[in-house]
Amino acid sequence: MTTDYEKVRSDIRGYSRELAKMEPDTMGAFFSMSKAALKDGALSEKVKEFIALAIGVSKQCEGCIAFHVKNLKDLGATREEVGEVLGMNVYMGGGPALMHAADALRAFDQLEAESEAK
């Protein structure tokens, strides 16, 4: 079965908003931490998003793949750059990483197709 990564992002965003209403302090702190962690420093935001994607793939997290691939697209990442990061995932994580690396590449291609269709 092929995952629709835009639907994954949409579903998570909706429930994240609901959770933010229920737990505004916790969710606000999480989003503040995210913003601080991604801020350009010794590493650029783009490099940090590549790291986040690699961790998401290694943890087999569809939501992480969906969000970090989208962020990388928005930051101008190329398919080749994403492929190199995913190659490192396969090297470090073996077969299970390969399965999710393939899904991350699918997510990139889905977003590319959607961008071209607009």
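This is a predicted model: local features need pLDDT of at least 70, side-chain atom pairs count only at pLDDT 80 or more; totals for chains, interfaces and linings use all residues.

Tutor: Residues are numbered from 1 along each chain as its sequence is written, and side-chain values use heavy atoms, with hydrogens and water left out.

Student: How many salt bridges does the structure hold?

Tutor: A salt bridge is counted where a side-chain nitrogen of Lys or Arg lies within 4 Å of a carboxyl oxygen of Asp or Glu. By that rule, the number of salt bridges in the structure is nine.

Student: Which residues are linked with Glu6 in a network of salt bridges?

Tutor: The side chains of Arg13 and Glu6 meet in a salt bridge, at 3.7 Å from N to O. Arg13 has 25% relative accessibility and therefore counts as partly exposed, a class that lies between buried (under 20% relative accessible area) and exposed (over 50%), with a 1.4 Å probe and protein chains only. In the network, Glu6 is linked with Arg9 and Arg13.

Student: Which helix holds the Lys46 that pairs with Glu81?

Tutor: Glu81 forms a salt bridge with Lys46, and their closest N and O atoms are 3.0 Å apart. This pair links distant parts of the chain, 35 residues apart, with Glu81 in helix α5 and Lys46 in helix α3. Helices here are DSSP runs (H or I, at least four residues), numbered from the N terminus. The helix that holds Lys46 is α3.

Student: How far apart are the closest N and O atoms of Glu112 and Lys73?

Tutor: Glu112 is partly exposed, because its relative accessible area is 28%, and Glu112 forms a salt bridge with Lys73 in which the closest N and O atoms are separated by 2.2 Å.
The pair joins helix α5, where Glu112 lies, to helix α4, where Lys73 lies, across 39 residues of the chain. The separation asked for is 2.2 Å.

Student: Is Leu86 buried or exposed?

Tutor: Leu86 lies in helix α5, and from C-alpha to C-alpha Leu86 is 8.5 Å from Leu53, although the two are 33 residues apart in sequence. The relative accessible area of Leu86 is 6%, so Leu86 is buried.

Student: Which element gives the most to the lining of the largest cavity?

Tutor: On a 1 Å grid over the protein atoms alone, a cavity is a set of points where a 1.4 Å probe fits but cannot get out, and lining residues have an atom within 4 Å of a point. The largest cavity holds about 40 Å³ of space, and its lining includes Tyr5, Ala66 and Leu111. With four residues, the element that gives the most is α5.

Student: Which element supplies the largest share of the lining of the largest pocket?

Tutor: A pocket is an open set of points with protein on both sides within 12 Å along at least five of seven lines, and the largest pocket holds about 640 Å³ of space. Of the 20 residues that line the largest pocket, those closest to its centre are Phe30, Phe31, Ser34, Phe67 and His68. The largest share of the lining, eight residues, comes from α2.

Notes
Grid points are joined across faces, edges and corners, and a volume is the space filled by probe spheres set on the points. Helices (H or I, at least four residues) and strands (E, at least two) are DSSP runs, numbered from the N terminus.
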